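Let's take a friendly walk through a protein model. Have the sequence and the 3D view ready, and follow along one stop at a time.

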Amino acid sequence: MMFKFRTLGLALCAFVACVGCSTHSGYMGHVTSTQVQLGSNNFVVVGSVSGQAEANYFLKVFGPSDQNPVDQARRDMFNKAELKGKSRAIVNITTDEKYCDYILGYKRTIYLAGDVVEFVK
């Protein structure tokens with residue numbers, strides 16, 4: 001009987017270690033300042049763009065040492081928007097974060113999205 005409980009306990013621990021749980025959050029509170037006057041119809045929405053990045057953390061502390069995943073996602077989004085040499089800007093930026101917890105660490109995934117506008121006048 002004790003063997004069955006021990007086996008069941010080990011199986012439950014293995015299941016929890018492999019499955020983990022995740023949480024999601026998002027916000028649209030980005031503050032950008034600009035000197036562009038939007039009082040007239042001087043822009044057109046070109047399309048939408050997104051970027052993403054993820055980072056794995058071991059023991060809830062040790063993670064990637066090169067860059068912050070938010071910065072990586074932002075760079076990914078800016079590169080896809082083709083802003084250089086054009087009168088374009090990214091507006092209405094939203095950020096979504098996904099955390100997936102495991103026993104020995106967690107994975108953090110950042111998703112950024114926005115609309116690309118081009119100024120025509």
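## Starting at Asp96

Asp96 is found in strand S3. Here, helices (H or I, at least four residues) and strands (E, at least two) are DSSP runs, numbered from the N terminus. At 37% relative accessibility, Asp96 counts as partly exposed; buried means under 20% relative accessible area, exposed over 50%, and partly exposed in between, with a 1.4 Å probe and protein chains only. Asp96 and Gln52 are 44 residues apart in sequence, and their C-alpha atoms are 9.5 Å apart in space.

A word on the source: this is a predicted model, in which local features need pLDDT of at least 70 and side-chain atom pairs count only at pLDDT 80 or more, while totals for chains, interfaces and linings use all residues. Residues are numbered from 1 along each chain as its sequence is written, and side-chain values use heavy atoms, with hydrogens and water left out.

## How the strands pair

Two strands pair if DSSP finds at least two bridges between them. Strand S2 (residues 43–58) and strand S4 (residues 105–119) do this in the antiparallel sense, over 15 bridges.

What joins S3 to S4? A hairpin does so, through three residues. While you look at the strands, keep a general point in mind: in a regular strand the side chains alternate between the two faces of the sheet.

## A nonpolar core

Now look inside. A nonpolar core is a set of buried Ala, Val, Leu, Ile, Met, Phe, Trp, Tyr and Cys residues joined through side-chain atoms within 4.5 Å. The largest one has 11 residues, among them Val49, Met77, Ile93 and Leu112. S2, H2, S3 and S4 each supply at least two residues of this core. Which element gives the most to this core? H2 does, with four residues.

Next come the rings. A pair of aromatic rings is described by the distance of the centres and the angle of the planes. Rings of Phe, Tyr and Trp (its six-membered ring) pair if their centres lie within 6.5 Å; planes under 30 degrees apart count as stacked, over 60 as edge-to-face and the rest as tilted. By this rule the count comes to three aromatic pairs. One of them is Tyr57 with Tyr106, a stacked pair with 4.8 Å centre to centre and 20 degrees between the planes. Tyr57 lies in strand S2 and Tyr106 in strand S4, so this pair ties together parts that are 49 residues apart in sequence.

Are Tyr57 and Tyr106 buried or exposed? Both are buried, and Tyr106 has a relative accessibility of 18%. The rings of Tyr99 and Tyr106 have centres 6.1 Å apart and planes at 50 degrees, so that pair is tilted. Tyr99 is partly exposed, at 25% relative accessibility. Ring pairs link Tyr57, Tyr99 and Tyr106 into a cluster.

## Two positive phi angles

Most residues other than glycine have a negative phi. Glu82 is not a glycine, yet its phi is positive, at about 55 degrees. You can find Glu82 in the loop between helix H2 (69–81) and strand S3 (88–101). With 49% relative accessibility, Glu82 counts as partly exposed.

Asn92 is not a glycine either, and has a positive phi of about 55 degrees. The place of Asn92 is in strand S3, where Asn92 is partly exposed with a relative accessible area of 46%.
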